[in-house]
Amino acid sequence: MLRFLFPLLFLCGLCAAAKPSIAGRSIYFIVTDRFARSGPDKENYEFCDLATSPDPRAGNGGAWCNGTLQGIREQLDYIEGMGFDCIWITPVVKSMDYTGYFAEDFFDIDPHWGTKADLKALSADLHSRGMCLVVDIVANHVRPMTVQTDYTPTAIKTYLGPEGINPFNKTEYFHTYGKSPAVTFRDYVMGGVAQASQSQGSDKILGERVKAGITKCGPTHMNLTECNCFPGNFGPDCPGANLKLQLEGWFGQLADLNQEHPYVRKMLLEYVQYLVREYDVDAFRLDTAIYMPQDFLADLQQAAGVDILGETTVNNISYHASFQHAGLSGLLNFPAFYQVHASFCQYHLGGDLGNYHLQGAFTPQLPDLRKLSDIMRNQGPDIYPNPDLLGNFVDNHDEFARIGYYCDGDSYRIKNALAALFFARGTPIVYYGTEQGLTGHQANVLEKAALKKKNEMDKGQAYVRESLWQTRFNTSTWQYEFIHKLNKLRKELGMNTGGKGMTLISAAWDSLVFTRQPDDGGDDIWIFVNNNQNWTGVSPFLYCPAPNEHESWYDALSGKRAFLRNGCYMAENGDPKVLVRRSRMPVIYTVERIDEQVWILWALVVLLCCCNAGLFWMFRKQRAKVQRYEDMEVFISEDSDDDKC
């Protein structure tokens, strides 16, 4: 019944000026505090990857590195130079820490980042360039209800309560799963709240069922693409899964909002409309979407009136797609993301049955692109209402590492992963720093042990939220130039507006071939990627199948004609290839045909040399005859003169 309580809010949202969809548009994702400084700090290039302390109120416990909205404005040339259509920035609220995910006031902006005027100016600057603004929002929770002296189990906690949180300053606005009526909110918080992370089913039981052959899991099984009980995996395979706890549990001490409460729902809907109205926001990224009721998500989408990309951290494709069916226009593509590193790199989500909770490790096991292709095959329009609003990405600010770390700096593998990201159906999202080759990663098991031995703090996710300014915003790195080329080509081929179908052609452990279909009915665009390493990437690579009409296909990334024979494509190296069909002048066609048959070329060279030699010999012979004739005339002339004497 709650969804019918706010018709005026919906009407306001629908009456607002319609925004174009961001489907297919490329997005550059920025952690505002870590991207670019401004003002007196602008020339301070010192590296920073501070982590939020147990008590963010103390000193710089919020881990501010002093990146600002003005700093982003001053680097828009840098971003636009890579060809991006949009930027996505972390939440712009008054926050207890640098991330923006610890909200204290939804309708204010933390002065560490700047002012409301700064955000309006950033939005205006982007729109003047034909770019768009995506803002991160959190509707699931607010700042912590407690702070503590350290992160140990014996730490002394201080209760903060909801006082001062705008507009959610009452205890009734928050979930209290499992709380007895006799227990106060304060005692519930101090005694340990129910955790959303405990809502998932039993990985142990799943493992036993897999080993016994009862349950199948992995990329070929669309509803259990990872052998782990993620949210959305229910039933006998993952016994103990608890949807109510998933929706009402907290993340640590981050107080979980009750979206079923009329006031909470009303204010969250007003909040998204406020952002669109005041700051001309073009789209939202919605944090922790799977931890909120789907009927609320539908209301939020309708009230916003712009696209929302929901953070949906699941491995069940049917469950993942259900959030689009429920009303969200777009989703972050986590099912595909979970396969990227084992498909292109030698990084696997390690542990028994691929236990994701161990965060994985490098292994001797070769990457296998069939993992990613199995996911792509199941993500068509028959499953998702709008595949063009699947936000594809290879790394982000939450997961274990950056793509540069996953692929161990291997340029061929990184290029191929990025090409797949940009040309697969959906909305490509690139995490800031990819263009500079940043390699931040969370501490692995060995590194955690070393930190503990040194009595040093494990910075967790802050390791992948490092500053960018120390790179001086270099525009000559190969990554920067390659991303520029990918964005440029996507626009030339019309892929930055979505709507082009995708067909998987073939997949092997070391290669993946798929096509994109133009809206205008033209020739298919063929994309070829592989997972070769640097030391083998310089060698030719054979893809089968390939286009048959070899006389008119070119690699749009290199500009070179494709060598196609017998239904296969012999690429000159391990770089990704994008084949397009183009017409050519007859002269160019003739030259290419000659170049195609090397022996003919050499024969022509030899023939030309022989002709030149023959012509030179004939010229010398004729010249000699002329010379003899001239000499004879001189001799006769001299004899005549002698006779006269």
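The talk below goes through some labels and the values behind them.

Modeller: Keep in mind that this is a predicted model.

Biologist: What makes Asp408 exposed rather than buried?

Modeller: Its relative accessible area is 66%. Exposed means over 50%. Therefore Asp408 counts as exposed. The residue sits in the loop between helix H14 (403-406) and helix H15 (411-423).

Biologist: And why is Asp280 called partly exposed?

Modeller: Asp280 has a relative accessible area of 35%. Buried is under 20% and exposed is over 50%, so a value in between is partly exposed.

Biologist: How do you know whether the bond from Asn166 to Pro167 is cis or trans?

Modeller: By omega. The value is near 10 degrees, and the bond is cis. Pro167 lies in the loop between strand S8 (157-159) and helix H6 (185-191). Cys544 and Pro545 are joined by a cis bond too, with omega about 0 degrees. Pro545 is in the loop between strand S20 (541-543) and strand S21 (553-555). Most peptide bonds are trans.

Biologist: How do you know that strands S2 and S5 pair?

Modeller: Count the bridges. Pairing needs at least two. S2 (residues 86-89) and S5 (residues 132-137) have four, so they pair, and they run parallel. Ile87 stands opposite Leu133 in S5.

Biologist: Which strands make up the closed barrel?

Modeller: Eight strands, in the order S1-S2-S5-S10-S11-S12-S15-S16, with parallel pairing. From one strand to the next the twist averages 25 degrees. Helix H11 (residues 317-326) packs on the sheet and touches strand S12 (330-332) and strand S15 (390-392). The direction of H11 makes about 150 degrees with that of S12.

Biologist: What makes a set of residues a nonpolar core?

Modeller: The members are buried nonpolar-core residue types joined through side-chain atoms within 4.5 Å. The largest such core has 153 residues. Among those touching the most other members are Tyr28, Phe35, Ile87 and Phe284. Helix H9 (residues 262-279) gives the most to this core, with 10 residues. Apart from it lies another core of 12 residues, including Val513 and Trp526.

Definitions and conventions:
Residues are numbered from 1 along each chain as its sequence is written. This is a predicted model: local features need pLDDT of at least 70, side-chain atom pairs count only at pLDDT 80 or more; totals for chains, interfaces and linings use all residues. Side-chain values use heavy atoms; hydrogens and water are left out. Buried means under 20% relative accessible area, exposed over 50%, partly exposed in between (1.4 Å probe, protein chains only). Helices (H or I, at least four residues) and strands (E, at least two) are DSSP runs, numbered from the N terminus. Axes are lines fitted to C-alpha atoms, for helices over the stretch in contact, and angles run from 0 to 180 degrees between N-to-C directions. Contact means heavy atoms within 4.5 Å.
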